[in-house]
Amino acid sequence: APEEAPPMPVTQMEAPRITNRVSRDLETGRVEMRAERGSGRNRIEAHGLVAGFRNSLERTAITEGDPLSAETEMRFENRIERGDFRVRVVAHTRLRATKETFLLTADLDVWEGEERILAKSWNCPIPRQLV
């Protein structure tokens, strides 16, 4: 049978978080799902590294009777720290569509302490190949 090492001793610094919400605008027919998820923050006792992630936004929406109104958006954040060392990575994506094109945008930001050391953005139109 497979074997695995015992789990590393960790201390929970921040509890995991999970929320889910669905809303419906009765006037416009817009339905939206929003979720937040995260691992919390945990310190690995063997070396003191504190790590955690959270999906601070997961949103999907559509208006009834209008398929081209569909869109989805995600924002994800990962943090790692030990002593004075602190790194944070934030990624944000959005996808929507027109009749001819999928419209994908993405942003990536990396922070070391309070200094942003990387910022990249993408705007990627993708032709729809409808048969």
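This report walks through the salt bridges and a surface patch in a predicted model.

## Salt bridges between strands

Let's begin with charge. Side chains of opposite charge can pair when their charged atoms come close. In this model, the count comes to 15 salt bridges.

One of them joins Arg30 and Glu71, whose closest N and O atoms lie 2.6 Å apart. This pair links distant parts of the chain, since Arg30 belongs to strand β3 (residues 30-38) and Glu71 to strand β6 (residues 66-82), 41 residues apart. Glu71 counts as buried because its relative accessibility is 12%, below the 20% cut-off.

Strand β6 also holds Glu73, which is 14 residues from its partner Arg59 in strand β5 (residues 49-63). The closest N and O atoms of Arg59 and Glu73 are 2.9 Å apart. Arg59 is buried, at 8% relative accessible area, and Glu73 is buried too, at 14%.

## A network and another pair

Another salt bridge brings together the side chains of Glu77 and Arg79, with 2.6 Å from N to O.

## A nonpolar patch

Now for the surface. Leu95, Phe102 and Ile126 make up a nonpolar patch there, and together they have about 230 Å² of accessible area. Phe102 sits in strand β8 (residues 101-112). With a relative accessible area of 34%, Phe102 is partly exposed.

Terms used:
Residues are numbered from 1 along each chain as its sequence is written. This is a predicted model: local features need pLDDT of at least 70, side-chain atom pairs count only at pLDDT 80 or more; totals for chains, interfaces and linings use all residues. Side-chain values use heavy atoms; hydrogens and water are left out. Patches are made of residues with over 30% relative accessible area and no salt bridge: like charges are joined within 9 Å, nonpolar side chains (Val, Leu, Ile, Met, Phe, Trp, Tyr) within 5 Å. Accessible areas come from the Shrake-Rupley method with a 1.4 Å probe; for residues, only the protein chains shown count as cover. A salt bridge is a side-chain nitrogen of Lys or Arg within 4 Å of a carboxyl oxygen of Asp or Glu. Helices (H or I, at least four residues) and strands (E, at least two) are DSSP runs, numbered from the N terminus. Buried means under 20% relative accessible area, exposed over 50%, partly exposed in between (1.4 Å probe, protein chains only).
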